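Work through the following exercises with the sequence and the coordinates at hand, and try each task before reading its solution.

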Amino acid sequence: MINSRRTYYDLILEPFAKSAGLVEEETAFPNFYDIQAKVTFGPFDGHKINLFGIYSADGVNIVSGSKRETPGSVAANNVTRNDVIGLTWEYSPNAKFFLQNTLSWYNNSGDAGFTAEILDPSLNRDAFKGFSADTIKPYLFGFKVNSTFLFEKFSWDTKSNLLWGNNNILEAGFGADVLKSTLIFDFEIDPELSAIFSANPNFRSAVGDIKDTKTYGRYRFFVQNKFNFWDLVYINPGVRFDHYEIIGKSYLAPRISASLQIDELTTLRGAWGVFYQSPGYEKLLDAGVLYDFSPVNVSLLEAEKAIHYVLGIEKWLSFEWNLKIEAYYKDFSNLIVPKIVTGTRYYTERVPGQDPNTTAGWTRPVTIQSDSITQIPVNNSYGESYGLEVMLAKKNMDRNSSLSGWISYSFSVADRFERNFTVPFRFDQRHTFNIVLDYQFAENWNFGVRWQFGSGFPNTTPEGLRPRIIAVDTDGDLKPDSPQISVRRSATDPNVSEVIYDIAFEDKNRFNDRKPVYHRMDIRVTAAARFWNLNWNFYLDVINVYNRSNIIGYDYYVTENKELGVKPTAMFPILPTLGFSIKF
């Protein structure tokens, strides 16, 4: 089987943008392509061999055009690779024994560079459209970062199943990963911009250079047995052993699941288990947090732990309709967060009766004690998650049936606790609803549709505005030593200096609000064909068919009247994709 995909942004949108002068000639729009292949040999004499691989790359190279109207300038390049090669050998000499061995190599690597002059984040970008770079120079901050990352993993896994006694199943397996992680980040940031980042609780990482390469192993072993009692009760106890070389610790995780067949159409199920997750650089980019995993920082670190409790019931309502209801509770402990140490920040108060747009309207800034975030990982958080999931599915049990799909609803709460605060997890979504339908409307034609609805994800809404305070050099030694309220010349009267305001965030109010509800519809049309003695599938995917403007975030800024302004940011619009796959 061979499958390939290719995006079209650089093929269609790029020529229009260049002809309009919105970008420079050397600019390349984002592009993505991948090739997936799988080859199977066998079965023969109980053996089967699978070879599989994925080759993919995506990249972008953006340079602000001379005819742009938006303030600031950006030069960005990013190239990312994701490659997988694997070999699986399966052996089953009889109906009671099965053995599978898998060897695989995975590579996720990339280089990125970002250089920009960014408009002061406290200002409204729309108000500065059309101004030349020289005119708005006092409002621009310099920002530069170069990064290189390499996450490489060699894996070996062995699993076996043995059917014994009265349909009892013994499962066992072991495996090993050797990971090589290289992470390099070099930052050059305007001090005022850095201070703005530090004051925003959504930035959960200290911004500082990182240069580190680590090679470490992960080793695992598990065994479990599914006991069958009278074909009505199944109990599946098991245990898993993990050793994480990066922290030099081992863990034993017991688990058990069970099911009870109440009648021919109804089954009650339950499960309990302990799960561990090792830290590592390979998880950092997705989490959006930079940690320093040098030996001195991980010596006391523990793996993150979760205990799961699950109870559910399944019932066949008819020959084709199936209903599942499941409730769960998860207890999280030893969650890894950046270490907080005692630092300082600047503080000022309003002076009654004075104009707050001038420095006379504020007291002289003083240094007070405050928390300071670091790149040191510590186990200083815990959390919980609980919820209920309901799914009604229509199975394609009859050969003459052309419609299948499912409808589901889930209620979920996921909170974490740190530093005496309770905040939701970033992807906590209380309500989700999905409808998925698949219809075979001709012998070689298939139509699929999916509609999803979700309540809003957490969002941090600022409390208001506060004066920007910076450290200045007062004694001529070129070292900032004294706090001072920052000012700039008034846009209406050059002889007047006005206080610069920043957006006021408080860490204790992180994720104190919710984004609007999210919903969209996706469709897929697939046509099957056979030529050149190969089976082909051609498909058209259309994401966000009715072009819903789903809000993914907000830009906050200071209005001309020195009030808090907000501008929503929406995700991608309607997005069609063409593709094909080959089976042979």
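**Exercise 1. Which residues form a nonpolar patch on the surface, and what accessible area do they have together?**

Solution. The patch consists of Phe41, Phe44, Leu51, Leu87, Leu103, Trp156, Phe174, Phe221, Phe241 and Leu252, which together have about 930 Å² of accessible area. Patches are made of residues with over 30% relative accessible area and no salt bridge, where like charges are joined within 9 Å and nonpolar side chains (Val, Leu, Ile, Met, Phe, Trp, Tyr) within 5 Å; the areas come from the Shrake-Rupley method with a 1.4 Å probe, and for residues only the protein chains shown count as cover. As one member, take Leu103, found in strand S5 (residues 97-119), where strands (E, at least two residues) are DSSP runs numbered from the N terminus. Leu103 has a relative accessible area of 47% and is therefore partly exposed, since buried means under 20%, exposed over 50%, and partly exposed in between (1.4 Å probe, protein chains only).

The model is a predicted one, in which local features need pLDDT of at least 70 and side-chain atom pairs count only at pLDDT 80 or more, while totals for chains, interfaces and linings use all residues. Residues are numbered from 1 along each chain as its sequence is written, and side-chain values use heavy atoms, with hydrogens and water left out.

**Exercise 2. Is Thr158 buried or exposed, and which residue's side chain does it join in a polar contact?**

Solution. Thr158 belongs to strand S6 (residues 140-164), and its relative accessible area of 10% makes it buried. Its side chain and that of Asn101 are joined by a polar contact of 2.5 Å, that is, a pair of N or O atoms within 3.5 Å; within protein, one must be able to donate a hydrogen and the other to accept it, and residues adjacent in sequence count only if both atoms are side-chain atoms.

**Exercise 3. Which residue meets Asp157 in a salt bridge, and which strands hold the pair?**

Solution. The side chains of Asp157 and Arg220 meet at 3.0 Å, N to O, a salt bridge being a side-chain nitrogen of Lys or Arg within 4 Å of a carboxyl oxygen of Asp or Glu. Asp157 lies in strand S6 and Arg220 in strand S8 (residues 210-229), so the pair ties together parts that are 63 residues apart in sequence. At 22% relative accessibility Asp157 counts as partly exposed, whereas Arg220, at 15%, counts as buried.

Definitions and conventions. Helix = DSSP H or I, 4+ residues; strand = E, 2+ residues; numbered from the N terminus.
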